[in-house]
Amino acid sequence: MTINEIQDEVIAEFSDFTDWMDKYQLLIDLGNELTPLDERYKNEDNLINGCQSRVWIKADYLDGKVLFTAESDALIVKGLIALLLRVLSGHTPQEILDADLYFIDEIGLRDHLSPTRSNGLLAMVKQIRVYALAYKTQEDA
């Protein structure tokens, strides 16, 4: 599936709910389904700066695609990172760099997250793109 196809799936899932408490519950459920990050990767190198909660993202490059694993110590933030990984993990560095993450606005995250969580979400997206750029640079070398 393409990044946009996955984003459209996410938008469809969230559109089933009109109440934001239900959408928060969906985020929490998605976070709870996230495969736990191995403790050895919960280190300073993988910790995201700019997040109020602790978030670790690990990136691996395999067969031309970037695979992400991540975890957070906060339920909603764990759901946010689960969404980002669902949309972006398993794609090429260029696809990740070119992605317009319109699902964030479409499902209302930007409007319904606190300013600190919004900043954290942007920090997570930025870090994912930094990993993608690093792997893209390796490809081009």
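Residues are numbered from 1 along each chain as its sequence is written. In this predicted model, local features need pLDDT of at least 70, side-chain atom pairs count only at pLDDT 80 or more, and totals for chains, interfaces and linings use all residues, while side-chain values use heavy atoms, with hydrogens and water left out.

**Core.** Select Ile57, Phe103, Leu109 and Met124: of the 47 residues in the largest nonpolar core, these touch the most other members. Such a core is a set of buried Ala, Val, Leu, Ile, Met, Phe, Trp, Tyr and Cys residues joined through side-chain atoms within 4.5 Å; buried means under 20% relative accessible area (1.4 Å probe, protein chains only). Helix 3 gives the most to this core, ten residues. Helices are DSSP runs (H or I, at least four residues) numbered from the N terminus.

**Met124.** Show its contacts (heavy atoms within 4.5 Å). Leaving out residues up to four places away in sequence, Met124 touches Ile48, Cys51, Val55, Ile57, Val77, Leu80, Ile81 and Leu84.

**Helix 3.** Next, select 75-88. Twelve of the 14 residues of helix 3 are buried, among them Lys78 and Gly79. Just after helix 3, Gly90 has a positive phi of about 90°.

**Helix 1 against helix 3.** Helix 1 and helix 3 pack at about 140°, their axes 8 Å apart; axes are lines fitted to C-alpha atoms over the stretch in contact, and angles run from 0 to 180 degrees between N-to-C directions. Ile3, Ile6, Gln7, Glu9, Val10, Glu13 and Phe14 of helix 1 meet Leu83, Arg86, Val87 and Leu88 of helix 3.

Notes
Buried < 20%, exposed > 50% of the residue type's maximum accessible area, 1.4 Å probe, protein only. Helix = DSSP H or I, 4+ residues; strand = E, 2+ residues; numbered from the N terminus.
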